[in-house]
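Keep the model open as you read.

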Amino acid sequence: MYCSSFQNTMPQEYTRKTQRGSATGVLQRAAEAVQGGLSVRAAAENFNVDRMTLSRYIAKKKENPHGVHGYANCKLSNLIFTSEMEADLAMHIKDLAARYHGLSKDKCRALIYEYATRNNVKVPENWSVKKKAGEAFWLGLKKRQSLAIRAPEATSLARSTAFNRHTVGRFYANLAEVMDRYKFEARDIYNVDETGCTTVQKPTSVVAARGVKQIGSITSAERGELVTTVYAISASGVVIPPMLIFPRVNYREHFIRGAPVGSLGTATRSGWMNEELFITYLDHFIEHTHSTTDHKVLLIMDNHESHVSLRAIDKAKENGVVLLTIPPHTSHRLQPLDRAVYGPYKRAYAKAMDEWMRSNPGKTISIYDVPALVKEAQISACVPRNVLAGFQSTGIYPYNSNIFTDDDFAPAEVTDRQLLPAAQQEQAQDQPARAANRPAPAADQPARPAQAVIAPAADQPARPAPAAIPPAADQPARPAPAAIAPAADQPERPAPAVIAPAADQPARPAPAAIPPAADQPARPAPAAIAPAADQPARPAPAVIAPAADQPARPAPAAIAPATDEPAQSATSSDSEPAGSVPAVIEGESATVYVSPRDIIPLPKAAPRKQKPTKRRRGSTKILTDTPVRNEIAEVHGTWETKRAKPTTAKKTLFDQASTKLKKRKQPEPPPESSSSSESSGDEMELIDEDSDSDEDHDIIEGDFVIVKVAGKARSVHYIGRVDILDGEEFEGVFLRRVLTGKNTVHVRPVFVVNDEDEARWSRGDIAKKLPTPVLVGTARRAQFQFRCNIDKWDLQ
């Protein structure tokens with residue numbers, strides 16, 4: 001019975017049901033025996049083959065002696081593309097994926113269809129209807145050309161372009177320099193990096209019933225807190241006890257209960273690494289490595305701003321630690337911890353969190369449970385096998401500067417630009433200045449004008465100015481332009497002659513003379529320059545001999561393309577692989593081969609605009625070298641000056657602000673409560689805090705702002721006083737809200753300065769700049785009230 005559901009179904013690859021016709025070697029020997037004089041019947045009986053099969057085989061051999069016969073011929077006859085075209089198509093798809101610009105399945109099928117139509121390849125009818133290749137062909141192409149659909153990993157543009165051969169080569173050059181200078185062994189080479197451990201794990205896979213669409217797994221919370229863990233490993237397989245940074249203002253010793261033996265605990269408000277903590281970690285590192293100026297060690301790290309502070313460099317140099325940084329945005333390839341340790345470490349940490357949640361139902365993981373989980377993850381992941389593999393895979397130890405291949409640098413080819421030598425760069429930069437400063441000609445020498453090209457007629461090809469053009473058969477000869485007027489001591493030369501026009505063209509006059517200066521004689525228009533007395537005459541530029549059906553083209557001028565021919569790109573030949581496919585496809589009518597690269601070119605970024613910028617570009621450096629250290633000291637000079645300000649400057653600045661506030665006219669309080677904050681708050685004039693003023697954008701020292709701080713469950717707001725400015729970073733103290741009595745509903749909030757609560761925040765953390773506060777309270781303890789509505793911020 002016929003089933004309509006199989007009407008449009010075709011097998012992905014046909015499977016043979018019998019073995020008839022598969023023994024092509026036996027058929028070939030039987031055919032040779034028939035050619036030797038044996039009959040077909042006798043040869044079939046002697047070689048044990050079917051007589052009709054042998055007869056068909058002999059007939060096909062006569063029609064196509066060099067063709068492929070049998071079952072293989074059936075497969076070849078059903079192919080849409082040749083093997084060369086299919087290989088070129090698959091290679092282009094792989095090249096796009098290697099450059100991180102891979103195509104999706106639908107894009108590939110659309111490319112295959114356009115590739116076939118542009119090359120006049122006959123395709124099935126359903127391809128033309130859907131404008132893309134069929135599903136069966138796509139599955140067969142994947143199998144034949146080793147293609148697969150993969151889920152790509154999100155890679156930033158900075159990472160893909162920064163990892164290039166030039167940048168990586170500079171890192172290995174610096175590594176070779178320090179290894180040759182200090183003769184480091186495996187036990188002396190270390191790598192340090194930070195990683196985050198959160199209180200919310202990523203659930204691992206679980207076993208469930210088949211067909212269930214959604215499976216859940218318990219996690220500690222929706223959003224967790226981050227504890228930064230700092231590890232250092234050596235090329236000999238040693239792991240230094242970690243340092244844990246907790247998101248707290250004050251550190252307590254019980255924070256690291258259950259951590260690995262020898263661990264160091266610290267705390268910051270954000271839980272991230274900063275310059276002060278990195279100096280603390282250097283003391284921890286020096287204690288465990290026993291490094292001295294007589295026994296130096298190498299510490300490889302990234303270019304994070306907390307690692308390259310001047311104080312950290314000086315401490316490392318004093319204790320025999322050589323600091324080497326890797327190029328920015330290349331840690332995913334050049335850092336041993338990222339290559340082979342932190343991946344297993346994160347998986348082991350997530351597994352330990354899952355086990356903790358199942359062992360403690362109904363409880364959540366806090367930051368104080370993280371140290372014990374870190375210990376479990378370290379035991380499982382920070383093993384010598386992973387540590388040694390990290391240094392080997394990056395080529396750091398054993399040293400191998402050729403560890404990465406061209407395929408690894410393929411994503412960077414999108415933005416690769418040719419580096420000019422320093423001399424050429426200076427010449428290009430100085431070219432405008434040289435043109436402006438070019439000296440004028442001498443008084444007795446005429447200025448040499450630029451050589452002009454005579455415009456051709458509408459129906460004539462371009463002709464060069466200096467040389468005489470051979471006339472056509474029906475046109476008179478045209479004389480060459482005359483020489484330039486001679487100097488005072490040379491015989492006079494005639495002016496440029498008028499070019500004789502064609503028979504059907506009006507006469508064209510010679511170029512006009514350039515007006516001379518007041519003290520200079522008249523100079524004629526451009527013409528051929530006469531040679532010196534002791535030099536032979538310089539011949540005119542030669543004319544390129546044209547083809548039989550093409551007009552003559554002059555040598556010095558740019559040859560314009562014909563109107564019916566498109567301009568050919570200078571880089572088109574570079575993108576085609578040598579010998580991949582023929583340039584012309586043989587068929588009923590010869591057509592130019594269209595490569596897949598012509599349909600979807602390889603990605604290439606446009607030339608970078610050379611704009612002046614003050615941003616310092618990071619690079620790999622040996623930080624402890626004296627020239628590099630002095631350069632960093634010069635850059636950090638301004639910041640160090642601000643940090644070196646005495647603490648009395650804050651009080652002086654605050655006293656000045658307080659004096660200005662006292663001079664302002666205050667509303668008269670009731671006689672019974674002259675110092676009460678309630679009376680001044682009730683009579684205070686409110687300012688519209690949503691008004692857009694320039695004061696919100698300009699923040700100076702002494703201003704008060706509302707700062708947003710991320711808490712454990714929600715974000716909280718504090719009022720901060722700006723004491724130090726550092727670009728987009730601010731330092732100061734937080735104000736604390738105080739209660740003025742039992743009934744505080746209609747009373748303006750009062751704040752006092754908490755000198756112990758020092759903090760550092762960025763411009764992005766500022767929610768609002770507040771107006772100048774009113775100073776209330778007693779002289780011993782200054783209190784502030786703000787003339788705006790701040791109730792909605794829920795200030796602490």
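A crossing of two helices is left-handed if the near helix is turned anticlockwise from the far one by less than a right angle, and right-handed if clockwise. By that rule, α14 passes α15 in a right-handed crossing. The model in view is predicted.

Stay with this pair. Helix α14 covers residues 336-359 and helix α15 covers residues 370-381. Their axes lie 8 Å apart, at an angle of about 130°. That angle makes α14 oblique to α15, because angles count as roughly antiparallel only over 145 degrees. From α14, the contact takes in Val341, Pro344, Tyr345, Ala348, Tyr349, Ala352, Met353 and Trp356. Facing them in α15 are Val370, Leu373, Val374, Glu376, Ala377, Gln378, Ser380 and Ala381. By class, the contact of α14 with α15 has 13 nonpolar, 2 polar and 1 charged residues.

Helix α1 (residues 24-35) packs against helix α2 (residues 40-47). The angle is about 145°, and the axes are 9 Å apart. The crossing of α1 and α2 is right-handed. On the α1 side, Val26, Arg29, Ala30, Ala33 and Val34 make the contact. On the α2 side, Val40, Ala43 and Phe47 meet them. The residues of this contact divide into 7 nonpolar, no polar and 1 charged.

UniProt, in an unreviewed entry, places the feature "domain: HTH psq-type" at residues 27-58. Over residues 27-58 the chain is 78% helix and 0% strand. The end C-alpha atoms of that stretch are 9 Å apart.

A third pair joins segments from other parts of the chain. Helix α12 spans residues 310-318, and helix α20 spans residues 626-635. They pack at an angle of about 155°, with axes 10 Å apart. The angle is over 145 degrees, so α12 is roughly antiparallel to α20. Here the crossing is left-handed. Leu310, Ile313, Asp314 and Lys317 are the α12 residues in the contact. Their partners in α20 are Thr626, Arg629, Ile632 and Ala633. The classes are 4 nonpolar, 1 polar and 3 charged.

Next, two points of backbone geometry. Which residues does a cis peptide bond join? They are Tyr397 and Pro398, with omega at about -5°. Pro398 sits in the loop between α16 (384-393) and α17 (422-436). The other point is Asn120. Its phi is positive, about 55°, although Asn120 is not a glycine. Asn120 lies in the loop between α6 (105-118) and α7 (125-130).

Finally, consider confidence. The mean pLDDT of the protein is 74, and 63% of its residues reach 70 or more. Where is confidence highest, and where is it lowest? Strand β5 (residues 297-301) is highest, at a mean of 97. Helix α23 (residues 677-682) is lowest, at a mean of 37. Over residues 647-658 the pLDDT is below 50, and beyond near neighbours in sequence this stretch has 7 contacts in the model. Residues 660-696 also stay under 50. For residues 660-696 the model has 51 contacts beyond four places in sequence.

Definitions and conventions
Residues numbered from 1 in each chain as written. Predicted model: local features only at pLDDT ≥ 70, side-chain atom pairs only at ≥ 80, totals over all residues. Heavy atoms only, no water. Axes fitted to C-alpha atoms, helices over the stretch in contact; angles between N-to-C directions. Helix = DSSP H or I, 4+ residues; strand = E, 2+ residues; numbered from the N terminus. Parallel < 35°, antiparallel > 145°, perpendicular 65-115°, else oblique. Contact = heavy atoms within 4.5 Å. Nonpolar A, V, L, I, M, F, W, Y, C, P; charged D, E, K, R; others polar. UniProt positions renumbered as here; feature names shortened; annotations may be inferred. pLDDT = per-residue confidence, 0-100.
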